[in-house]
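Subject: Structure handover

Hello,

Here is the structure for you to look at. My notes on the helix packing follow below.

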Amino acid sequence: MVPGRLLFWGGAAALLTIPLLARWPWTASDFLFAAVMFGTVGGIFELAMRMTPNPAYRAAVAVALGASFLLVWINGAVGIIGDEDNAANLMYLGVIGVALAGAAIALFKAAGMARAMFAAAGAQGVVTAIVLLAGLGANEPPGALGVLGLNLFFLLPWLVSGALFRRAARDAQL
């Protein structure tokens, strides 16, 4: 095993031990969920690293995976719109779905991946508009301003990933 891969997967395993050592009140299903999340994100990242040596493409994948991971993790842990049990939080899975569907349609080619990530940013914007216009989560933490801030926070990585994929497409044409 390449030392970088060993460090990467060893780091993921070490992160899974933190809740155990810190005695957080995690159940077996919490650990299973975390292991599946780390495994899925890590596996996709590793596939992307094998697909291309292009640093912009690799960075774009890392940013998109990070955004997806955090969207799922935060919604599963505490929720963005109200608490984690608020069904409105499921809209964020649609954002990730747009990114995944776009990536599949693009056959993972950089130019199409750029369009897919910009579409995910658009979907994030649509969710933000729905949340604000419908007043979802306005009367519970983090409140309307917090929900707006979190949505804008997640809009940025989709745009950055799209820009990096666009650069990777340009680099491939040179």
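Which residues does Met117 touch, not counting residues up to four places away in sequence? They are Ala64, Ala99, Trp158, Ser161, Gly162 and Phe165. Contact here means heavy atoms within 4.5 Å.

First, the ground rules. This is a predicted model, numbered from 1 along each chain as its sequence is written, with local features needing pLDDT of at least 70, side-chain atom pairs counting only at pLDDT 80 or more, and totals for chains, interfaces and linings using all residues. Side-chain values use heavy atoms, with hydrogens and water left out.

Ser161 sits in helix α6. Helices are DSSP runs (H or I, at least four residues), numbered from the N terminus. Ser161 counts as buried because its relative accessibility is 0%; the cut-off is under 20% relative accessible area, with a 1.4 Å probe and protein chains only. Beyond its neighbours within four places in sequence, Ser161 contacts Ala60, Val63, Ala64 and Met117.

Now α3 with α6. Helix α3 covers residues 55–77 and helix α6 covers residues 143–173. They pack at about 160°, with axes 7 Å apart. Axes are lines fitted to C-alpha atoms over the stretch in contact, and angles run from 0 to 180 degrees between N-to-C directions. The pair is therefore roughly antiparallel (angles over 145 degrees). The crossing of α3 and α6 is left-handed, that is, the near helix is turned anticlockwise from the far one by less than a right angle. Contact residues include Ala60, Val63 and Ala64 of α3, and Trp158, Ser161 and Phe165 of α6. By class, this contact has 19 nonpolar, two polar and two charged residues. Nonpolar covers Ala, Val, Leu, Ile, Met, Phe, Trp, Tyr, Cys and Pro; charged covers Asp, Glu, Lys and Arg; the others, Gly among them, are polar.

Next, α2 with α3. Their axes come within 10 Å and cross at roughly 165°. These two are therefore also roughly antiparallel. Here the crossing is right-handed (clockwise instead). Among the residues making the contact are Phe33, Met37 and Phe45 of α2, and Tyr57, Val61 and Trp73 of α3. The class count is 17 nonpolar, no polar and one charged.

Last, the core. The largest nonpolar core has 40 residues. Such a core is a set of buried Ala, Val, Leu, Ile, Met, Phe, Trp, Tyr and Cys residues joined through side-chain atoms within 4.5 Å. Met117, Trp158 and Phe165 are among those with the most contacts inside it. Helices α2, α3, α4, α5 and α6 each supply at least two residues of this core.

Best wishes

Definitions and conventions
Angles under 35 degrees count as roughly parallel, over 145 as roughly antiparallel, 65 to 115 as roughly perpendicular and the rest as oblique. Buried means under 20% relative accessible area, exposed over 50%, partly exposed in between (1.4 Å probe, protein chains only).
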